[in-house]
Every structure is written in C-alpha cells, then in structure tokens.
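Student: Please take a close look at one part of this protein with me. I would like to go through its salt bridge and what surrounds it.

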Amino acid sequence: MANRERKNELKIYLSDKGQYILEQKVKISGMKSKSTFLRRLILYFSFTAMWR
C-alpha cells in the first residue's frame, strides 16, 4: 500500500439518515464504492450553482 496514488485520507461523520441517503445515491449512480462516488462528486461537480 505504500505505492498508493491517493495518499490523503478524508473522514466524515454522517447521521443515520445522511448515511442512508449517501448509500442510495451511490447505488443509483452504479459506482462500485462510496469513495469513488464522493471523489467524482467533489472533483467534477460544479458547486457554484449551490451558493447563488
């Protein structure tokens, strides 16, 4: 594991409801893992519309 490309860990805490919503969205997306889903959401989704 020393040769990992992504070495920076991100840790978040969710309520039971938040965890359920995340699991449903990952399932709908068809992605294999929560990590992949969150990474793509953070890196490729435009958040600018959220704060207008």
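Tutor: What follows starts with the salt bridge and moves on to the pocket and the surface.

This is a predicted model, in which local features need pLDDT of at least 70 and side-chain atom pairs count only at pLDDT 80 or more, while totals for chains, interfaces and linings use all residues. Residues are numbered from 1 along each chain as its sequence is written, and side-chain values use heavy atoms, with hydrogens and water left out.

The secondary structure consists of 2 helices and 0 strands. Helices (H or I, at least four residues) and strands (E, at least two) are DSSP runs, numbered from the N terminus.

Searching the whole structure gives 1 salt bridge, meaning a side-chain nitrogen of Lys or Arg within 4 Å of a carboxyl oxygen of Asp or Glu. It joins the side chains of Lys 34 and Glu 23, at 3.8 Å from N to O. The two are 11 residues apart and link distant parts of the chain: Glu 23 is in helix H1 (residues 16-29) and Lys 34 in helix H2 (residues 34-44). Side chains of opposite charge can pair when their charged atoms come close.

Lys 34 counts as partly exposed because its relative accessibility is 34%. Glu 23 also has 34% relative accessibility, so Glu 23 counts as partly exposed. Here buried means under 20% relative accessible area, exposed over 50%, and partly exposed in between (1.4 Å probe, protein chains only). Buried residues make up 6% of the 52 residues in the protein.

Lys 34 also belongs to the lining of the largest pocket. That pocket has a volume of about 820 Å³. Of its 23 lining residues, Leu 10, Lys 34, Ser 35, Leu 38 and Arg 39 are the closest to its centre. A pocket is an open set of points on a 1 Å grid over the protein atoms alone, where a 1.4 Å probe fits, with protein on both sides within 12 Å along at least five of seven lines; lining residues have an atom within 4 Å of a point. Grid points are joined across faces, edges and corners, and the volume is the space filled by probe spheres set on them.

H2 gives the most to this lining, with 9 residues.
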